Amino acid sequence: MTSYALEINSQKYNVEAEPDTPLLWILRDQLGLTGTKYGCGIAQCGACTVHISGQAVRACSFPVSGVQGPVTTVEGLGTPQLHPVQEAWVANDVPQCGYCQAGQIMSAAALLATNAQPSDADIDSAMAGNYCRCGTYPRIRKAIHDAAHILATSKANS
Amino acid sequence: MSKMMMNRRELLKVTAMVGGGAMFNLAIAQDGTADPDTIEDGVKSLNVFVQIEANGKIRIAASLPEMGQGVKTALPMIIAEELGARWEDVIVEQAPVDDAFGVQAAGGSWSIARNQDTMRRMGASAREMLISAAALHMEVEREDLRAVDSRVVHTSGRSRSFAELASLAVNQPVPDPETLQYKDPNNYTILGKKIPGVDNLAIVTGNADFGIDVTIPNMRYATYTKCPEIGGTAVSFNEAEIKNLPGVVDAFIVEPNNAAGNSNIPFFKEMAVLRGGVAIVAEDTWSAIAAKRRLRVKWDQAQASKDDWQDMIEWANGVAQAGGGELVKDNADIDAVLNDPNNKTVEGFYQFPYLAHVCMEPMNCVADYQPASGDVPAKLNLWMGSQFPGQAKEVAYNLLGVAPDDVEIKLMRLGGGFGRRGVHDFAAEAMMIAKQAGVPVKLTWTRPDDIHSDFYRVGGFQNMKGAVNGNGQLAAWDQHYIGFKTPTRDISGAGFFGNEFPLVAMDNARVSKSMKAIKTPCGAWRAPGSNSNAFVEQSFIHELAVLAGRDHLEFLLELLGDDRWIVEGNADIVNTGRARGVINLAAAEANWGKKLPAGTAQGLAFYFCHAAHVAEIAEVSVDSKRNFQVNKVTVAVDVGPIVNRSGALSQVEGSIVDGLSAMAGQKITMANGRIEQDNFHQYPVMRISATPEIDVHFIESDFPSTGLGEPALPPLAPAVTNAIFAATGERIRSMPLSDLGYNLT
Ligand code: FES
Ligand code: FES
């Protein structure tokens with residue numbers, strides 16, 4: 001067991017774990033941050049997507065020993081106010097079962113952080129790592145465009 | 001109570017004897033039973049579904065499992081509408097698993113059809129009690145009062161809020177359901193609107209309660225490993241090594257138990273058997289998964305499956321050539337018609353693979369077992385996502401002998417169901433592991449476990465022959481289903497329901513089946529039976545239209561004949577008028593027959609299942625390298641009046657994506673009893689880039705509303721393959737398309 005200092009959602013944690021333990025299981029089992037989901041364990045489905053230093057990564061395949069930089073999970077994304085992506089997700093009634101949606105939202109938020117007005121092709125490539133078994137893709141696309149619009153309007157107003 | 005109502009309710013009331021005689025009462029929800037005792041301070045209960053808080057919030061119970069199909073929003077909407085509530089005041093709460101709520105099962109697209117009357121009654125009953133209270137409180141006539149926007153309003157304009165009336169209302173007599181009057185749909189303020197899912201905020205902030213997220217005190221984390229050859233049992237394993245691994249608390253063999261699958265509900269018979277294997281219990285999930293990877297088990301494969309997909313294909317080809325089979329529907333003249341030199345004939349051998357459910361949330365269950373001590377009987381608590389949570393009580397009784405009353409089940413949100421989460425094999429494993437380990441456990445299946453231990457959509461084959469006469473009309477339809485059953489029973493989704501169109505509407509049809517016993521567990525997968533039969537039947541209708549040199553739409557409409565019920569008043573069999581309605585609507589909206597560039601074409605399919613009439617037109621582009629893209633799918637649906645427009649659209653969109661995902665690249669194969677796919681890299685789910693434009697149109701006929709979780713899926717595959725034929729001239733008779741070199745882009 002090795003000790004790791006992590007910064008997650010702006011809070012500091014010290015965790016003890018085997019170095020190869022995926023960040024996903026530290027979040028879920030040790031820290032109780034269960035918003036991040038397990039779907040495949042092999043970086044295929046995106047259910048476990050979190051941000052490390054603002055980059056979308058698959059927490060199921062990212063060992064805790066490799067984490068350098070602050071981690072953001074879906075629980076920390078929209079605090080204190082909902083992130084525009086979350087707002088757009090609710091307004092477009094995106095979720096069906098909802099299980100993939102934390103991962104979808106984290107990928108979408110990472111996309112918008114670097115590309116304020118993504119095209120459909122940009123969305124296709126940024127969201128390619130996220131499965132939705134329920135098939136909410138049409139609404140995900142629409143919600144990302146809406147979130148981009150919310151962001152643009154709030155920037156224009158501030 | 002009317003006689004018809006009576007019969008229907010009797011029908012729903014299933015009292016089952018289980019195993020040694022424990023009773024399960026699968027009754028429907030009780031009529032408005034006011035409970036003057038407050039559940040907690042300030043909360044008044046008008047019936048089991050409706051409670052009013054002092055602050056004006058209205059709590060409505062959602063009694064059925066929510067798996068993404070939207071019932072947690074749609075059914076409370078029906079209650080709120082009749083109650084006269086303002087939707088903004090409503091808080092929806094998941095009901096406990098309890099007989100008071102009736103049969104708490106979700107599947108078969110039944111939820112709306114079977115529960116809407118009860119929901120309406122609960123809302124109306126509570127509303128009448130509030131009106132009675134208002135009449136007393138305001139000293140006015142009941143007739144001059146109505147409920148609107150969470151208030152009871154007098155014709156004079158004076159009003160009282162539901163919250164003000166609640167304590168008086170709970171003491172009012174519960175109205176006789178026969179006397180209840182229901183709202184005129186023209187005055188609806190909630191039903192038919194687009195209402196977002198009640199858990200959306202929890203979901204987008206990571207706070208929704210899925211089974212996999214449950215933690216209870218002293219809980220340990222378990223994995224379970226079964227023989228890759230289905231049905232093999234564990235003899236021994238590298239116990240010392242496993243127990244020494246970091247975080248591992250315990251590891252042991254679990255013996256198989258077939259009795260766990262006993263059920264008095266026919267669908268569940270022999271399903272939830274406990275397969276033998278090795279349990280690893282650890283301090284956290286990762287330690288259990290890491291140890292599982294190091295596990296070396298000696299298996300006894302004497303009873304294991306030897307099923308082999310290649311053998312099945314060979315067998316089916318032989319059967320198709322030999323012909324025959326058990327007759328399902330006969331027509332003595334059919335061979336004469338097929339052999340008549342004036343007729344043109346076509347024959348096609350169709351094939352569809354086994355499919356896995358791959359619910360996004362792998363199967364899991366938290367189990368807390370407390371053994372009997374002294375006079376206190378054994379108790380079991382379960383936390384899980386399930387499509388029929390109460391059935392797990394049967395499993396617990398079969399396996400551990402715990403009486404149904406001593407099993408408490410906490411139903412969590414389901415990360416997908418699609419038919420998979422009706423079967424409680426995963427719960428059987430969790431409860432047995434908890435018992436053997438002597439601690440509460442959360443069993444989590446890895447994705448490979450989930451793919452290897454499914455109740456698959458059964459694969460199969462159909463050999464089709466048909467003839468058209470000199471006038472270009474369908475003259476004969478000869479359908480031979482070649483598929484599978486278990487050694488003791490039929491498989492859900494294999495063969496025919498008997499209500500398939502066109503065969504129910506035709507005299508000149510012969511239908512037969514040849515079924516072979518297999519050991520691979522199979523079960524319900526979104527639109528069982530329909531999801532493969534639609535592909536075969538609706539493709540073959542197109543083949544016959546092409547053979548006749550006729551337009552597919554015109555040929556299909558001709559097959560429908562006059563507008564009528566095939567069986568008068570039976571909503572489970574196609575109504576040709578409703579069918580014609582959706583087919584014509586889809587054709588008009590898609591501009592059927594419009595000019596398209598080379599390599600792009602439209603394909604049409606209609607299907608009837610789950611009391612729903614659905615027509616779909618796919619516009620597909622195919623290039624010379626067999627890359628294909630579905631540009632647009634136009635959908636016309638008749639399921640009666642729409643309850644939640646947003647949820648209904650979601651179900652159609654999801655069905656289109658799911659159907660496309662499956663046909664494009666999904667198949668489960670087995671070799672010598674072993675499932676050959678392990679994870680998503682071998683069982684791909686469609687990604688966002690392939691999503692077509694989906695254009696949905698509802699015909700809100702006056703028939704009662706029915707469900708939409710499944711029926712928009714079956715027509716998708718034939719609509720797409722018919723379009724590929726129109727674009728390329730290649731007839732597709734086998735799934736998935738990736739096996740034929742097609743690549744969905
Ligand atoms: S769980 Fe990490 S990508 Fe699937
Ligand atoms: S909403 Fe169910 S998997 Fe995406």
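Which side chains meet in a salt bridge with a distance of 2.8 Å, N to O? They are the side chains of Arg133(A) and Asp658(B), and the views below take you to this pair and its surroundings in a predicted model.

**View 1. Chain B meets chain A.** Let us start with the whole contact, to which chain B gives 58 residues and chain A gives 47 residues. About 4300 Å² is buried between the two chains, and 59% of this area lies on carbon and sulfur atoms. On the side of chain B, Trp286(B), Met360(B) and Ile688(B) lose the most area to chain A, and together they account for 19% of what that side buries.

**View 2. Salt bridges and polar contacts across the interface.** Here you can look for Arg133(A) and Asp658(B), whose side chains form a salt bridge at 2.8 Å, N to O. Four salt bridges are found across the interface of chain B and chain A. The interface also holds 24 residue pairs in polar contact. On the side of chain B, two or more residues each come from helix H5 (200-204), helix H7 (285-294), helix H12 (447-452) and helix H16 (645-665). H16(B) supplies the largest share of that side, nine residues. By residue type, the side of chain B that touches chain A has 30 nonpolar, 19 polar and nine charged residues.

**View 3. A sheet of three strands in chain B.** This open sheet has the order S7-S8-S9, with antiparallel pairing. Strand S7 (145-148) and strand S9 (159-161) of chain B are at the edges with a single partner strand each, so each has one side without a neighbour in the sheet. From one strand to the next, the twist averages 20°. Strand S8 (residues 151-154) of chain B pairs with S9(B) over three bridges, and Val153(B) stands opposite Ser159(B). Helix H3 (residues 111-138) of chain B lies across S7, S8 and S9, at about 125° to S7(B).

**View 4. A sheet of four strands in chain B.** The order in this open sheet is S3-S4-S5-S6, and the pairing is mixed. Its twist averages 30° from one strand to the next. Strand S5 (residues 58-62) of chain B runs parallel to S6(B), joined by five bridges; Ala62(B) has Gln94(B) as its bridge partner. Helix H2 (residues 71-83) of chain B lies across S4, S5 and S6, running at about 135° to S5(B). Helix H4 (residues 162-169) of chain B also packs on the sheet, touching S3, S4 and S5, and its direction makes about 120° with that of S4(B).

Definitions and conventions
Residues are numbered from 1 along each chain as its sequence is written. Chains are lettered from A and ligands numbered from 1 in the order in which they are written. This is a predicted model: local features need pLDDT of at least 70, side-chain atom pairs count only at pLDDT 80 or more; totals for chains, interfaces and linings use all residues. Side-chain values use heavy atoms; hydrogens and water are left out. Contact means heavy atoms within 4.5 Å. Buried area is the accessible area (1.4 Å probe) that two parts lose on being put together, summed over both. A polar contact is a pair of N or O atoms within 3.5 Å; within protein, one must be able to donate a hydrogen and the other to accept it, and residues adjacent in sequence count only if both atoms are side-chain atoms. Ala, Val, Leu, Ile, Met, Phe, Trp, Tyr, Cys and Pro count as nonpolar, Asp, Glu, Lys and Arg as charged, and the others, Gly among them, as polar. Two strands pair if DSSP finds at least two bridges between them. Axes are lines fitted to C-alpha atoms, for helices over the stretch in contact, and angles run from 0 to 180 degrees between N-to-C directions.
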